[in-house]
Amino acid sequence: PTWYRQGELSLEIVQLLGCPHTFDFFFLPWDTDRNCNRGFALMNFRHPVHAKCSGMLLQNHTWGSTSRPCGVRAAKIQGLVANIR
């Protein structure tokens with residue numbers, strides 16, 4: 001949902017995954033004109049197994065009171081260093 005802020009959503013994801021150390025990068029783009037997030041987040045997982053397991057948990061997950069399911073896709077840019085450039 002677009003009302004989540006980066007810290008709130010990353011905390012919910014950590015709680016859902018059950019481990020705070022599966023990813024080392026999380027970015028929730030913010031739309032300053034509308035004062036809400038843009039409806040997607042970028043994550044970098046520490047290991048391909050973490051990405052696969054997390055993707056299975058997050059795919060079709062619903063957040064809060066919304067009925068819109070979460071979609072998971074691999075990004076074109078892979079890796080922590082490439083994402084923080």
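## Chatting through a predicted model

Biologist: Hi! How many salt bridges does a search of the whole structure find?
Modeller: Hello! This is a predicted model, and searching the whole structure turns up one salt bridge.

Biologist: Nice, which side chains meet in that salt bridge?
Modeller: Those of Asp-31 and Arg-34, with 3.6 Å from N to O.

Biologist: And why would two side chains pair like that?
Modeller: Side chains of opposite charge can pair when their charged atoms come close.

Biologist: Is Asp-31 buried or exposed?
Modeller: Asp-31 is buried, because its relative accessible area is 18% and buried means under 20%. Arg-34, on the other hand, is exposed, with a relative accessible area of 55%.

Biologist: Where does Asp-31 sit?
Modeller: Asp-31 is in strand S2, which covers residues 30-31. Its side chain also reaches the backbone nitrogen of Arg-34, at 3.1 Å.

Biologist: What else does Asp-31 touch, not counting residues up to four places away in sequence?
Modeller: With those set aside, Asp-31 touches Cys-36, Asn-37 and Arg-38.

Biologist: Why does 11 Å leave Cys-19 without a disulfide?
Modeller: A disulfide needs a pair of cysteine sulfur atoms within 2.5 Å, and the nearest cysteine sulfur for Cys-19 is 11 Å away. As for the surface, Cys-19 is partly exposed at 29% relative accessibility, and Cys-53 is partly exposed at 39%.

Biologist: OK, new topic. Which residues form a nonpolar patch on the surface?
Modeller: Phe-27, Phe-40 and Leu-42 do, and together they have about 240 Å² of accessible area. Phe-27 belongs to strand S1, residues 23-27. With 37% relative accessibility, Phe-27 counts as partly exposed.

Biologist: What is Glu-12 in contact with, leaving aside its neighbours within four places in sequence?
Modeller: Glu-12 is then in contact with Tyr-4 and Trp-63.

Biologist: And how far apart are Glu-12 and Arg-73?
Modeller: They are 61 residues apart in sequence, and 19 Å apart in space from C-alpha to C-alpha.

Note on methods:
Residues are numbered from 1 along each chain as its sequence is written. This is a predicted model: local features need pLDDT of at least 70, side-chain atom pairs count only at pLDDT 80 or more; totals for chains, interfaces and linings use all residues. Side-chain values use heavy atoms; hydrogens and water are left out. Patches are made of residues with over 30% relative accessible area and no salt bridge: like charges are joined within 9 Å, nonpolar side chains (Val, Leu, Ile, Met, Phe, Trp, Tyr) within 5 Å. Accessible areas come from the Shrake-Rupley method with a 1.4 Å probe; for residues, only the protein chains shown count as cover. A salt bridge is a side-chain nitrogen of Lys or Arg within 4 Å of a carboxyl oxygen of Asp or Glu. Helices (H or I, at least four residues) and strands (E, at least two) are DSSP runs, numbered from the N terminus. Buried means under 20% relative accessible area, exposed over 50%, partly exposed in between (1.4 Å probe, protein chains only). A polar contact is a pair of N or O atoms within 3.5 Å; within protein, one must be able to donate a hydrogen and the other to accept it, and residues adjacent in sequence count only if both atoms are side-chain atoms. Contact means heavy atoms within 4.5 Å.
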